Amino acid sequence: MGIVAGLDSSSESTRIVVCDTDTGAVIRQGYAPHPLEGRPSDVDPQAWLLSLGEAAGGGLLEGVQAIGVSAQQNAVVPLDAQGGTVRPAMVGGDKRAQVAAVDLIDALGGRQAWAEAVGVVPQAPQPVTKLRWLARTEPEAAQRTAMVLQAHDWLVWQLLGRPARRTADRGGASGTGYWSAANASYRPDLVELALGQQTVLPEVLGPSEAAGTTPEGLLISAGTGETMAAAFGLGIGVGDAVVSLGASGSVMAVHHEALADPHGMITSLADATGMHLPVVHTSNAVRALRGTAELLGTDLEGLSQLAMKSTPGAHGLVLLPYLEGERTPQLPHTAGTLSGLRRESMKPEHLARAAFEGMLCSLADALDVLRNRGVEVRRVFLLGPAAELPAVQAAAPMLLGAQVVVPQAADYAALGAARQAAWALGVSQGTLDPQLPPVWQGASAQAFEPGEEYAVGQAVRQQYVAVREQTHPGAFQS
């Protein structure tokens with residue numbers, strides 16, 4: 001038995017879990033917010049180190065043999081030839097880069113060309129797009145950029161004492177827009193297309209490889225992005241999908257191959273095990289619930305209570321929850337639609353029910369994008385505080401058409417990073433197979449079956465699809 005640590009440096013804080021290498025049981029944990037105000041688009045990466053140091057205080061890492069690092073995705077750290085930061089890290093959605101994304105799509109010949117090249121169609125958050133923005137907006141900084149790292153790459157490098165060798169992992173690399181998950185290789189020409197020049201890129205490690213050892217003898221694993229770490233921490237495999245309920249939504253599933261999507265609805269990522277992790281995003285999830293709750297003068301819990309007083313189908317009310325435009329289907333400039341208003345349906349409980357059903361039907365549309373490409377979905381893991389709402393738990397199984405699992409709240413990204421550390425440690429000691437990650441205890445969870453409600457749910461979905469097709473004909477065929 002040994003102990004390992006996993007740290008997750010998100011956009012807001014650092015969370016650390018110290019785990020037993022054999023079972024994954026959490027022994028102790030630490031937390032510290034990043035010393036930032038608000039949600040800036042530019043961040044001094046030293047803030048991540050300060051937060052890490054505070055979270056690891058009080059002897060938290062005593063006895064730890066290996067550390068895995070998970071970090072926010074799409075955070076670009078441009079370095080000069082001496083390893084210094086050229087400018088603050090560019091993080092988050094960064095809407096400044098929206099025009100740069102359009103430029104890049106056109107420069108390579110369209111969405112299909114990008115999908116075939118790297119499995120990712122440029123959008124504002126992605127590193128390749130941020131590099132294009134840098135070249136266009138801060139050309140002097142772009143010219144000084146000799147290497148580009150992502151957040152977890154930079155943190156791993158710092159923990160190792162800034163060695164000459166810089167590393168990344170296939171999960172994080174797959175979201176950059178210049179590394180292909182299908183071919184497991186960089187496209188330096190796309191970096192040059194974006195930045196206007198070549199730059200050094202980190203070596204991409206395999207899932208169980210170690211990035212190195214600190215001077216104190218602490219093994220550091222490859223690290224990965226938050227999405228991949230959370231999937232690894234949950235222990236999902238083929239047949240499992242994860243639906244994240246944030247303000248916006250995402251659907252991802254483990255698959256045996258990379259999926260190139262000429263429409264750009266699927267982002268073809270690699271996972272932290274050697275498999276693939278296709279992801280479909282929606283622009284609207286819980287924001288549709290919050291908007292409806294505000295309209296009805298209540299909160300999410302109150303909205304759920306109202307919805308439970310209604311019945312499936314919401315007395316004919318259908319809400320297309322495209323309040324911020326939509327990514328799936330691609331309707332960036334549209335608005336939401338409320339259909340089916342009749343005297344008997346104009347009650348708070350029916351509008352509340354329509355909001356939950358609209359959100360879940362939109363996510364079911366996203367899930368079908370994956371199913372239609374041959375991705376197997378037997379179980380759906382629901383993540384996010386909204387997954388605890390009774391109205392979500394009641395409607396999700398019949399609308400998503402699968403067993404729905406609601407895991408107990410936990411730091412799954414940090415747990416995934418710790419599991420990766422245990423894997424790298426076991427491989428280095430000769431006790432684990434490089435192809436087989438350690439088997440840890442599964443997440444504590446509630447499971448909900450569609451049961452006899454499945455047929456009812458499919459009728460509700462047909463009602464939703466009919467309204468969507470009438471309002472936005474051919475949206476999924478364009």
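Trainee: How do the axes of H2 and helix H4 cross?
Mentor: This is a predicted model, so keep that in mind throughout. The axes of H2 and H4, residues 127-137, come within 8 Å. They cross at roughly 105°. An angle from 65 to 115 degrees counts as roughly perpendicular, so H2 and H4 are roughly perpendicular to each other.

Trainee: Which residues in H2 meet H4?
Mentor: On the H2 side, Ala100, Ala101, Asp103, Leu104 and Ala107. They meet Val128, Thr129, Arg132 and Trp133 in H4.

Trainee: And by class, what does the contact of H2 with H4 have?
Mentor: Six nonpolar residues, one polar and two charged.

Trainee: What about H2 and helix H8, how do their axes cross?
Mentor: H2 is residues 98-108 and H8 is residues 188-195. Their axes come within 10 Å and cross at roughly 130°. That makes H2 oblique to H8.

Trainee: Is the crossing of H2 and H8 left-handed or right-handed?
Mentor: Right-handed, as H2 passes H8.

Trainee: Which residues meet there, in H2 and H8?
Mentor: Leu104, Ala107 and Leu108 from H2. Across from them in H8 are Leu190, Leu193 and Ala194. By class, the contact of H2 with H8 has six nonpolar residues, no polar and no charged ones.

Trainee: What is Gln197 in contact with, leaving aside its neighbours within four places in sequence?
Mentor: Ala142, Gln143, Thr145, Val191 and Glu192. Take Ala142: in sequence, Gln197 and Ala142 are 55 residues apart. In space they are 8.5 Å apart, C-alpha to C-alpha.

Trainee: Switching to rings. How many aromatic pairs are there?
Mentor: The count comes to three. One of them is Trp48 with Trp154, an edge-to-face pair. The centres are 5.9 Å apart, with 80° between the planes.

Trainee: Which parts does the pair of Trp48 and Trp154 tie together?
Mentor: Trp48 lies in helix H1, residues 46-55, and Trp154 in helix H6, residues 151-159. So the pair ties together parts that are 106 residues apart in sequence.

Trainee: Now the backbone. What is phi of Arg162 near?
Mentor: Phi is near 55° for Arg162, a positive value in a residue other than glycine. Most residues other than glycine have a negative phi. Arg162 is in the loop between H6 and strand E9, 167-169.

Trainee: Is the peptide bond from Thr328 to Pro329 cis or trans?
Mentor: Cis, with omega near 0°. Most peptide bonds are trans. Pro329 lies in the loop between strand E20, 318-320, and strand E21, 337-339.

Trainee: Last one. What feature does UniProt place at residues 241-425?
Mentor: The unreviewed UniProt entry gives "domain: Carbohydrate kinase FGGY C-terminal" there. In the model, residues 241-425 are 36% helix and 22% strand. The end C-alpha atoms of that span lie 28 Å apart.

Terms used: Residues numbered from 1 in each chain as written. Predicted model: local features only at pLDDT ≥ 70, side-chain atom pairs only at ≥ 80, totals over all residues. Heavy atoms only, no water. Axes fitted to C-alpha atoms, helices over the stretch in contact; angles between N-to-C directions. Helix = DSSP H or I, 4+ residues; strand = E, 2+ residues; numbered from the N terminus. Parallel < 35°, antiparallel > 145°, perpendicular 65-115°, else oblique. Left-handed = near helix turned anticlockwise from the far one by under 90°. Contact = heavy atoms within 4.5 Å. Nonpolar A, V, L, I, M, F, W, Y, C, P; charged D, E, K, R; others polar. UniProt positions renumbered as here; feature names shortened; annotations may be inferred. Phe/Tyr/Trp six-rings, centres within 6.5 Å; stacked < 30°, edge-to-face > 60°.
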